[in-house]
Amino acid sequence: MTERQGADRTPPGAAPLLIGVLVTYRRPAELESTISALANQSRPPDFLLVVDNDPERSAERIAAAHEYLPSGDNLGPAGGLAIGVAAALQRAGDDDWIILL
């Protein structure tokens, strides 16, 4: 995956980053399937941020190869996306894309 934290702009000639934000809550089989499907896309995300809404951190092992963001509580889809988007914006430049999953 590409590292470009806090960039103001995508460097000239560079492809924009694709940053995925995935919120989960106690669905390990679905999480594994989704991560696998994303990896097999013709244009997989450069970064995948996995927000775990489970206070027991049930997704930590499955999301170990990605950026794991425990919410600490079940904040629901909107709360999880707020955490994920805030983290994604720290990585994204002006020309990069953030996809919500």
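Strands of a sheet pair through backbone hydrogen bonds, in either a parallel or an antiparallel manner. The model described here is predicted.

Along the protein chain, two helices accompany the four strands. Read from the N terminus, the elements follow the sequence β-α-β-β-α-β. Strand β1 covers residues 18-24 and runs parallel to β2, to which six bridges join it. Within this pairing, G20 has L48 of β2 as its bridge partner.

Some totals describe the protein chain as a whole. It has 101 residues, of which 39% are buried. Contacts between residues at least 6 apart in sequence were also examined; 66% of these join residues at least 24 apart.

Residue N53 sits in the loop between β2 (47-52) and β3 (67-70). Despite this loop position, N53 has a relative accessible area of 2%. The cut-off for a buried residue is under 20%, so N53 counts as buried. Its side chain reaches the backbone oxygen of G76 at 2.9 Å. Neighbours within four places in sequence aside, the contacts of N53 include V23, T24 and Y25. S71, D73, N74 and L75 are also among them. G76, P77 and G80 are in contact with N53 as well.

Y68 is placed in strand β3. Its relative accessibility is 15%, and Y68 therefore counts as buried. The C-alpha atoms of Y68 and V50 are 5.0 Å apart in space, while the two residues are 18 apart in sequence. V50 is also in contact with Y68. A polar contact of 2.7 Å links the side chain of Y68 to that of D52. Further contacts of Y68, with neighbours within four places in sequence left aside, include R57, A59, E60 and A63.

Most residues other than glycine have a negative phi. R26 has a positive phi, near 55°. R26 is located in the loop between β1 and α1 (28-39). With a relative accessible area of 41%, R26 is partly exposed. R57 likewise has a positive phi, near 55°. R57 lies in the loop between β2 and β3. At 37% relative accessibility, R57 is partly exposed. R57 is also one of the residues in contact with Y68.

Notes:
Residues numbered from 1 in each chain as written. Predicted model: local features only at pLDDT ≥ 70, side-chain atom pairs only at ≥ 80, totals over all residues. Heavy atoms only, no water. Buried < 20%, exposed > 50% of the residue type's maximum accessible area, 1.4 Å probe, protein only. Contact = heavy atoms within 4.5 Å. Polar contact = N/O pair within 3.5 Å; in protein donor to acceptor, adjacent residues only side chain to side chain. Pairing = 2+ DSSP bridges.
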